[in-house]
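Please read the points below with the model open beside you, and look up each residue as it is named.

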Amino acid sequence: MRAALPLLLVALLAPAAARAAPTERLAILVAHPEGGPDTEPLRYPHVDALKMGAVLTELGGFGADDLTLLISPSPDEVNAALDAARARVEAARARGARTLLLFYYSGHAAAGDLRLGARRLPMSDLRAGLQRSGADVQLAFLDACESGAMTRLKGGRRAPSFVVDVEPDRDASGYVVITSSSALEASQESDELRGSFFTHHLVSGLRGAADRTGDGAVSLEEAYAYAYHRTVAQTAGTRGGTQHPTFTYDLRGNGAVTLTRLGGRGALLFPPDGEGRYLVYDRGRDLVVGEVDKRAGTPARLSVAPGRYVVKKREANHLLLQEVAVGAAEQRPVDESAFEAVAFEDDVTKGPTWLAQRRRLGRGWLVDARVGYQAFFDAPSRSDLFHPSALVGAHVEGRNLVAPGLSLHADAAVGGTQAVVQAGPYAEDLPVDFVIVVGGLGLSFDWWFADAARLRAGPQLSAVYLRRDFRDGALPFQDLFTISPGAALGADWWLGDLTLGLTLRAHYLRYATEAEDRSLGFGEAYLSVGYSP
């Protein structure tokens, strides 16, 4: 798992930010959904760990190679990660650098142990492992039931805030342990947040919601105070009961521990006129990346990586949603007038339902490039007149442009082949160059399956130009232009904003000359790759 960490973080997390402090920073992120036979599996520990990893690399000065991510590890693997961190700390000390080690855990805990599946890691052993690392500053965040047992080991408290008067690069040393609940409380997950309450609010705080002073940096004290208040407020009405984060620390030095720096990063800006609780969902990474809870008259910001986001605001009888794109270092305002009202059952934080609903019923565009093949149905036409040909083309669709479930599209394609015309038993065969150009308009009736698959069918009207040139010049070229009615059947699959498509068509063509009048039919098949935001 550790060997694959750089690739995993490149795929799922944003690129690492430049280091924000003159201290080498290391992190061990542990997630385990299982707690043994007497517990229910958790749904979101791995998501919690990825959220934490994302904010550390984007805003916390951690590089991808500074993070060790362990999913469902054994106690031995956790201890091995701590030993590896100790080796990194010793190497940094030899270079004259100071170090900060951050340990994060999301999973089960009980009776003073982290419950890693069927095995246990005593919290006292974890504390000893952190101390053995030799890091100048050791931070531990434990998001688990009864995790407050670790702070109780050294007289920890549950309180809304604390002041740590230290900066790692100013000769600080010691530890801080922060837990999601007290020694006798349950820590809870939320399907709406797609993660635990505590980690969600901790990460939101680190992204800027906790920046009380507005100095563009979030300190450890600010992050804890924000996570404490929001966790208590949101769990007060849950069936699991209110959970109170706790802390204990023993640090010496001057200044404040800065966990994230917000300057020069992309951000969502919430203007003063807005009021309420805003959830921010990252479409690309399929994560609820943060939350802002603000009062009217006060601005707020949430730092995010470049990407496409959905912002959700809950009203009494419905939800308000809007989609926004944030570029690198772009400060993107959230426009209150741009929200769309949707029903509660279309909540994006419960899955891609709202995005699929917009795709099914809302107007949008699809543009694709395609390759295909055309052939006439009867053998004489294929051999003597209209030769089977490969096609390349493009297609544009106005999804739901006519009405919900009824789309309008236009397409064009060009192709051709080289063939030989059988001239008869007493003449030489004639080599020809055959060209076809086709373009048309069509309607499609759409039927959706799951959240990202569509079947479509409808009429098509195409203009067709066919031409063949005899290569030896013995005969003049022959061409035909006609209008051809037909029908199309197709299917599309969405992979984010990209689409894969298959289209089959059947057309009627009347071929009339002085010598004959024939009714013919031809078919086309296309494979396409497109873009449809």
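**Notes on charged and aromatic contacts**

1. Arg-212 counts as exposed, because its relative accessibility is 57%, where exposed means over 50% relative accessible area, buried means under 20%, and partly exposed lies in between (1.4 Å probe, protein chains only). Its salt-bridge partner is Glu-221, with the closest N and O atoms 3.2 Å apart, and Glu-221 counts as buried because its relative accessibility is 15%. A salt bridge here is a side-chain nitrogen of Lys or Arg within 4 Å of a carboxyl oxygen of Asp or Glu.

2. Before going further, please keep in mind that this is a predicted model, in which local features need pLDDT of at least 70 and side-chain atom pairs count only at pLDDT 80 or more, while totals for chains, interfaces and linings use all residues. Residues are numbered from 1 along each chain as its sequence is written, and side-chain values use heavy atoms, with hydrogens and water left out.

3. How many salt bridges does a search of the whole structure find? The search gives 27 salt bridges. Side chains of opposite charge can pair when their charged atoms come close. In one of these bridges the side chains of Arg-86 and Asp-83 meet at 3.8 Å, N to O, and both residues lie in helix H3 (residues 75-94), three residues apart, which is about one turn of the helix. Helices (H or I, at least four residues) and strands (E, at least two) are DSSP runs, numbered from the N terminus. Arg-86 counts as partly exposed at 29% relative accessibility, and Asp-83 is also partly exposed, at 37%.

4. Glu-524 and Arg-505 form another salt bridge, their closest N and O atoms being 3.6 Å apart. This pair links distant parts of the chain, since Glu-524 lies in strand S29 (residues 517-531) and Arg-505 in strand S28 (residues 498-512), 19 residues apart. Glu-524 counts as buried at 2% relative accessibility, and Arg-505 counts as buried at 6%. Elsewhere, salt bridges that share partners join Glu-192, Arg-230, Arg-277, Glu-291, Asp-293, Lys-312 and Arg-314 into one network.

5. Turning to the rings, the count comes to eight aromatic pairs, where rings of Phe, Tyr and Trp (its six-membered ring) pair if their centres lie within 6.5 Å, and planes under 30 degrees apart count as stacked, over 60 as edge-to-face and the rest as tilted. Tyr-224 and Phe-247 form an edge-to-face pair, 5.4 Å centre to centre with 75° between the planes. Tyr-224 lies in helix H7 (residues 220-235) and Phe-247 in strand S12 (residues 246-252), so the pair ties together parts that are 23 residues apart in sequence. Both Tyr-224 and Phe-247 are buried.

6. Is the pair of Phe-376 and Phe-386 stacked or edge-to-face? The pair is stacked, at 4.7 Å centre to centre and 25° between the planes. Phe-376 lies in strand S22 (residues 364-376) and Phe-386 in the loop between helix H9 (379-384) and strand S23 (389-403), so the pair ties together parts that are 10 residues apart in sequence. Phe-376 is buried at 3% relative accessibility, as is Phe-386 at 5%. Ring pairs link Phe-376, Phe-386, Tyr-511 and Phe-522 into a cluster.
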